[in-house]
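Colleague: I would like to learn how to read the local features of a model like this one, feature by feature. Could we go through them together?

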Amino acid sequence: MTRVHDMGGRFGDGPINPEVEDAPVFAEDWHARALAVTLASGFLGQWNIDVSRHARERLSPKDYARFSYYEKWISGLADLLVERGVLSLDDLRSGGEDGPHPLAERMLKADAVSAALAKGGPADRPSNVAVQFSVGQQVVTTRPAGNRIVDGGHTRLPNYASGARGRILRLHGTHVLPDSNAHGLGEAPEPIYAVVFPASELWTSPEHPDDEVVLDLWQSYLEPA
Amino acid sequence: MPHDDHDHPHALLPPEPALRVKALETILTRKGLIDPAALDEIIDTYQNKIGPQNGARVVAKAWSDPAFKAALLEDATSIVADLGYYGRQGEHMVVVENTSTRHNMVVCTLCSCYPWPLLGIPPGWYKSDAYRARAVREPRKVLAEFGLTLPEDTSVRVWDSTAEVRYLVLPMRPDGTDGMSEEALAALVTRDSMIGTGLPKAPS
């Protein structure tokens with residue numbers, strides 16, 4: 001099974017309330033701080049993006065549902081900092097001791113921010129895994145959706161597209177496999193494809209017979225149809 | 001590694017979110033793990049320097065230059081990097097083109113993946129449960145809530161960003177824009193038109 005974050009296709013969330021185009025980037029000052037603290041902490045090098053996504057997904061369903069977006073970020077971050085031994089429970093309770101911290105030399109400095117953000121962190125990697133599918137080929141996604149290496153672990157196959165038949169639209173190359181990388185089990189890069197599914201393959205009452213959904217799926221999520 | 005400990009460490013921080021952030025920032029700062037000036041720099045970058053104006057410039061150029069457009073649709077990453085748009089959350093870019101028979105829109109049902117170097121930080125609605133849950137199942141109802149109703153013979157293709165590939169929609173060039181400069185065209189390109197929940201503005 002997947003987790004609470006996997007909400008594609010869910011009923012009951014009500015209307016979308018689009019803000020105007022020129023609304024502030026950050027609705028509250030603390031949203032901006034939450035984003036910045038999270039990014040800056042990532043540069044301490046104690047986790048990768050898949051680990052940090054999984055930390056948010058592992059919030060309990062009750063917390064995930066009641067937290068606003070950046071509350072999820074900051075709470076997932078606090079959990080990760082303790083889990084990785086960067087901070088202790090006592091640090092969170094009482095602020096703990098002041099520095100120096102063993103990781104302090106890794107601190108992202110203001111004059112390094114621009115270059116660090118511009119550098120990014122590509123997931124493209126060379127891979128020894130042979131490309132199995134060609135553009136136009138029919139494939140079926142694995143069922144049930146879930147991490148096949150770690151029970152309850154991170155995966156990027158949404159539940160709504162599990163066991164569905166689609167067609168290879170594009171080969172993106174070979175990318176780090178989140179199901180492995182989120183758990184410290186190596187990057188395990190493999191081919192990744194854009195796979196297109198007719199809406200009728202995914203939903204009982206699709207809005208239009210010609211509508212489609214495309215997902216980016218790793219080769220190990222797919223079988224020949 | 002996954003554990004479902006109900007005594008999550010975050011519960012030790014103040015419950016009120018602004019105070020929770022402040023507490024964590026203070027602890028990390030006192031230990032020399034984050035630099036408040038670096039936080040200011042990160043915020044300034046995404047508040048003032050990187051935003052939808054970047055994507056709008058790419059779209060306007062694609063409308064104006066057929067060779068650029070062809071190259072963009074073939075390999076967007078290197079083409080937009082040549083314009084200076086590369087970096088975090090935009091390391092592998094794909095541009096998808098709207099036509100008179102197909103409308104594209106982008107969502108991330110699992111989190112909030114979004115092409116930061118071209119569009120900046122996603123708007124609140126993009127990160128909302130409602131958009132994440134509904135865009136893949138009822139895109140036309142979602143578009144109607146943005147004031148956009150598509151012709152019946154236009155199909156909708158929804159891109160769920162489930163990986164580290166980031167998508168930008170190339171909207172159709174509005175009528176009545178012949179001879180306009182790239183700069184004037186870019187002013188017509190809205191953020192939502194590059195996510196696929198809107199259309200470009202009509203020329204005045």
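Colleague: In which loop of chain A does A:A188 lie?

Modeller: This is a predicted model, and in it A:A188 lies in the loop between α7 (178-181) and β3 of chain A. The residue has a positive phi of about 40° although it is not a glycine, and with a relative accessible area of 37% A:A188 is partly exposed.

Colleague: Where is B:Q89 found, and is B:Q89 buried or exposed?

Modeller: B:Q89 is found in the loop between α5 (76-82) and β1 (93-97) of chain B, and its phi is near 65°, a positive value in a residue other than glycine. At 9% relative accessibility B:Q89 counts as buried, because the cut-off for buried is under 20%.

Colleague: Which peptide bond is cis?

Modeller: The bond from A:R143 to A:P144 is cis, with omega near -5°. A:P144 has its place in the loop between β1 and β2 (165-175) of chain A.

Colleague: How should I read the cysteines, and how many disulfides are there over all chains?

Modeller: The general idea is that a disulfide is a covalent bond between the sulfur atoms of two cysteines. A pair of cysteine sulfur atoms has to lie within 2.5 Å to be counted, and by this rule the count comes to zero disulfides over all chains. B:C111 is in no disulfide, since the nearest cysteine sulfur, that of B:C108, is 3.5 Å away and the cut-off is 2.5 Å. B:C113 is likewise in no disulfide, and its nearest cysteine sulfur, that of B:C111, is 3.6 Å away.

Colleague: Are B:C111 and B:C113 buried or exposed?

Modeller: B:C111 counts as buried at 14% relative accessibility, and B:C113 counts as buried at 2%.

Colleague: Let us turn to the rings. How many aromatic pairs does the structure hold over all chains?

Modeller: Over all chains the structure holds 14 aromatic pairs. For the geometry one reads the distance between ring centres together with the angle between the planes, and planes over 60 degrees apart count as edge-to-face. The rings of A:F133 and A:Y193 have their centres 5.7 Å apart and their planes at 65°, so this pair is edge-to-face. A:F133 lies in the loop between α6 (113-119) and β1 (138-141) of chain A, whereas A:Y193 lies in strand β3 (residues 190-198) of chain A, so the pair ties together parts that are 60 residues apart in sequence. A:F133 is buried, with a relative accessible area of 5%, and A:Y193 is buried, with a relative accessible area of 0%.

Colleague: What kind of aromatic pair do B:W125 and B:F146 form?

Modeller: B:W125 and B:F146 form an edge-to-face pair, at 4.6 Å centre to centre and with 70° between the planes. This pair links distant parts of the chain, with B:W125 in the loop between α6 (116-119) and α7 (129-134) of chain B and B:F146 in the loop between α8 (139-145) and β3 (155-160) of chain B, 21 residues apart.

Colleague: Over which ring does the charged end of A:R56 sit?

Modeller: The charged end of A:R56 sits over the ring of A:W73, 4.3 Å from its centre. In chain B, the charged end of B:K61 sits over the ring of B:F68, 5.4 Å from its centre.

Colleague: How many cavities of 30 Å³ or more does a search of the whole structure find, and which residues line the largest cavity?

Modeller: The search finds three such cavities, and about 130 Å³ of space lies in the largest cavity. Its lining draws on both chains, including A:R56, A:W73, B:L110, B:C111 and B:S112. From chain A, α2 (49-57) and α4 (69-83) each supply at least two residues of that lining.

Colleague: What volume does the largest pocket have?

Modeller: The largest pocket has a volume of about 890 Å³. Of the 37 residues that line this pocket, the closest to its centre are A:N48, A:I49, A:S52, B:R88 and B:Q89. The helices α1 (29-42), α2, α4, α6 and α7 of chain A each supply at least two residues of the pocket lining.

Methods
Residues are numbered from 1 along each chain as its sequence is written. Chains are lettered from A and ligands numbered from 1 in the order in which they are written. This is a predicted model: local features need pLDDT of at least 70, side-chain atom pairs count only at pLDDT 80 or more; totals for chains, interfaces and linings use all residues. Side-chain values use heavy atoms; hydrogens and water are left out. Buried means under 20% relative accessible area, exposed over 50%, partly exposed in between (1.4 Å probe, protein chains only). Rings of Phe, Tyr and Trp (its six-membered ring) pair if their centres lie within 6.5 Å; planes under 30 degrees apart count as stacked, over 60 as edge-to-face and the rest as tilted. Helices (H or I, at least four residues) and strands (E, at least two) are DSSP runs, numbered from the N terminus. A charge sits over a ring if NZ of Lys or CZ of Arg is within 6 Å of the ring centre and within 35 degrees of the ring normal. On a 1 Å grid over the protein atoms alone, a cavity is a set of points where a 1.4 Å probe fits but cannot get out, and a pocket is an open set with protein on both sides within 12 Å along at least five of seven lines; lining residues have an atom within 4 Å of a point. Grid points are joined across faces, edges and corners, and a volume is the space filled by probe spheres set on the points.
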